Amino acid sequence: MSQNSIMPGFRPTIGFTVVYLSLVVLIPLSTLVFKSFQLNWEDYIHIITNKRVLSSFRVSFSAALLASLIASFFGFIVAWVLVRYSFFGKRFFHALIDFPFALPTAVAGIVLATVFQPSGFLGKLLIDSLGVQVAFKPLGIVMALIFISIPFVVRTVEPVLLEFETSMEEAASSLGATRFQVFLKIIFPNVFPALLTGFALSFARGVGEYGSVIFIAGNLPYVSEIVPLLIVTKLEQFDIQGATAIALTMLVISFLLLLLINMLQYWVRKRSGQL
Amino acid sequence: MSILLSNISKKFGAFSALDNINLEIPEGELVALLGPSGCGKTTLLRIIAGLERADQGRILISGQDRTEHDVSKRGIGFVFQHYALFRHMTVFENVAFGLRVKPRRDRPGEAIIRKKVHDLLNLVQLDWLHDRYPDQLSGGQRQRIALARALAVEPSVLLLDEPFGALDASVRKDLRQWLRNLHHDLNVTSIFVTHDQEEAMEVASQVVVLNHGKIEQQGTPSEIYDQPSNAFVSGFIGQTNVFDLGHQDADWLQTAGLSTLQQQGKIVHVRPHDIVIEKSTFDNDAFVILKDWQHLGALIRIELVKNSVTGQSASVYAEMPNEQFKLLRLNKGDKVDLKIRHAHWFH
């Protein structure tokens, strides 16, 4: 940054940013890394390759992936409806979308568990009609994560849909495109980068989600036990080294996945001329 | 292809945007829909395109009723005011779009698409930009790409909504000429919407003047200019001096050579170039005072003031070539004589 930049205040703001990020993000996370250095390599491998730990990783990441995929699909439709149509109670729905943001996650978890448990209102309905049990199964985890993820997708896709020029759609139609082609070739490519951001946000949130999941998951080892719960369990048993080893692994995997999504996003934007 | 509109009406709520429009456009014409903003010209264009539905009336394109056809099946090319280029596609893909979305049995092969797109890009002289994205182009370039894209599907009718509206003045001038030539080469029936009378007169072979959702007059540019059918058309096309004989005393106009004997109405419109001025030689009451003048390039616009007995003053504008004005050696405040060569009368 040159001295005579047109934008003033570079030094104080970058200073603030560095201090802030260090205090809130960097120092706590590096403590985690340093703490795990107390382990030697064999111990670390031993902890991580434990069958229970591995299956909890599988449960956490696959549930988060599935949930954010489903949330992306539904979230897109919700955003579409909220932007494109006007109907009675639209403002109410608008407010409802943000609800999972504001609600304490534990409350959400208890509510979901109550409703979806086999004797609960929806749980009973699902078992009777489809024979599907949601609560206390991996499906319950997915359910809770979808609940948490929807607003991330809706709120990232919505502004892009709002800004979208409808004249592009009209132009495509006038060139002979069917409604389906207009959606596939014109609308979707323009919204896709935002959808990808929403997906990444909800995936990241889903992997780390604790409060809303543990009540509905049943927390059966090897079946429906998530990584954050395993970390808490280890901490409660004063197995701090075990907890940090799992936490560090989680940190690295999450970081790599986010990096991957960001690269994908860069590629998409570049390919569509937005960079 | 010829276009026939019969009894087209459209309302937005209580507002009547178009009121019983009947219009026939012969094949191969380049027609301007001209009118002030809010007159319904864009609505009419969008109804012809099928982007808007008329409340009543039929649209016939080359004799076939297309009223119920969806915009994608009408065989029209539409150029949007802000171009509406697909910003996630290259210029090449934008132009190729209309060919690529054709049903499989009509879709040309990749080699044919490639050739056709490059031919069109050459036609608009922008083939060198084929791998750019719309955001990287200037306004004039986007306009021409939008035109190439619309032409790719070989439309029977080309519709352009304010094609030069968003461009700066010098680019606009070039593009007008270019569009005229292009139309001459392609000979596809074209309609464009504009609020700029100069643009309509310069580019179009037929001008349709609209006001308040109604057609005021249709004709060639010279017909519209020389024989305006009513006061609105006369006032909207070019500059004009308006004298209302109901409120003003007509004596001085009579002295200026306006024959009020065969008057056909109460309102007189006089074009500035139909007024000849001379330095006043004697003291009659036809004289007016020269207030100021402005240079308009080859012409001078002269601002004159007539003070009447009642104390009211009327402004009159005259135009004459630069050289002629210099020869008169007039100064501000000089008394001048007027001579009105030609006038239009309206009720």
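**Figure 1. Overview of chain B.** In chain B, 66% of the contacts with a separation of 6 or more are made by residues 24 or more positions apart; two residues are in contact if their C-beta atoms, placed from the backbone, lie within 7 Å. The structure is a predicted model, in which local features need pLDDT of at least 70 and side-chain atom pairs count only at pLDDT 80 or more, whereas totals for chains, interfaces and linings use all residues. Residues are numbered from 1 along each chain as its sequence is written, while chains are lettered from A and ligands numbered from 1 in the order in which they are written. Chain B contains 10 helices and 18 strands; helices (H or I, at least four residues) and strands (E, at least two) are DSSP runs, numbered from the N terminus. Its C-alpha atoms occupy a box of roughly 85 × 45 × 30 Å along the principal axes. Of the 347 residues in chain B, 38% are buried; a residue is buried if 20 or more other C-beta atoms lie within 10 Å of its own, exposed if 12 or fewer, and partly exposed in between, with C-beta atoms placed from the backbone.

**Figure 2. Confidence of the prediction.** The model has an ipTM of 0.82 and a pTM of 0.80. For chain B the mean pLDDT (the predictor's confidence in each residue, from 0 to 100) is 86, and 94% of the residues reach 70 or more. Where pLDDT is low, the predicted coordinates should not be read in detail.

**Figure 3. Strand β7 of chain B and its neighbours.** Strand β7 (residues 157–161) of chain B is largely enclosed by the rest of the structure, because 5 of its 5 residues are buried. Val157(B), Leu159(B) and Asp161(B) point one way from the strand, and Leu158(B) and Leu160(B) point the other way. Strands pair if DSSP finds at least two bridges between them. Strand β6 (residues 76–79) of chain B pairs with β7(B) in the parallel sense over 4 bridges, and Ile76(B) stands opposite Val157(B). Strand β8 (residues 189–194) of chain B also pairs with β7(B) in the parallel sense, over 5 bridges, and here Asp161(B) stands opposite Val193(B). From β7(B) the chain passes through helix α5 (residues 169–186) of chain B to β8(B) in a right-handed β-α-β crossover; right-handed means that, with the strands pointing away from the viewer, the path from the first strand over the helix to the second runs clockwise.

**Figure 4. Loops on either side of helix α5 of chain B.** Glu162(B) is in the loop between β7 and α5 of chain B. Although Glu162(B) is not a glycine, it has a positive phi of about 40 degrees. Glu162(B) counts as buried, with 21 C-beta neighbours inside 10 Å. Asn187(B) is in the loop between α5 and β8 of chain B. Asn187(B), likewise not a glycine, has a positive phi of about 55 degrees. Asn187(B) counts as exposed, with 12 C-beta neighbours inside 10 Å.

**Figure 5. An antiparallel sheet in chain B.** Five strands form an open sheet in the order β13-β17-β14-β15-β16 (chain B), with antiparallel pairing. Its edge strands, β13 (275–279) and β16 (313–321) of chain B, each pair on one side only. The twist from one strand to the next averages 35 degrees. Strand β15 (residues 299–307) of chain B pairs with β16(B) in the antiparallel sense over 9 bridges, and the bridge partner of Leu304(B) in β16(B) is Val316(B).

**Figure 6. Two packed helices of chain A.** Chain A has 13 helices and 0 strands, and 33% of its 275 residues count as buried. Helix α10 (residues 179–208) of chain A packs against helix α13 (residues 240–271) of chain A at an angle of about 175 degrees, with the axes 10 Å apart. Axes are lines fitted to C-alpha atoms, for helices over the stretch in contact, and angles run from 0 to 180 degrees between N-to-C directions. The angle makes α10(A) roughly antiparallel to α13(A); angles under 35 degrees count as roughly parallel, over 145 as roughly antiparallel, 65 to 115 as roughly perpendicular and the rest as oblique. Residues making the contact include Phe192(A), Leu196(A) and Val207(A) of α10(A) and Leu258(A), Ile261(A) and Val268(A) of α13(A).
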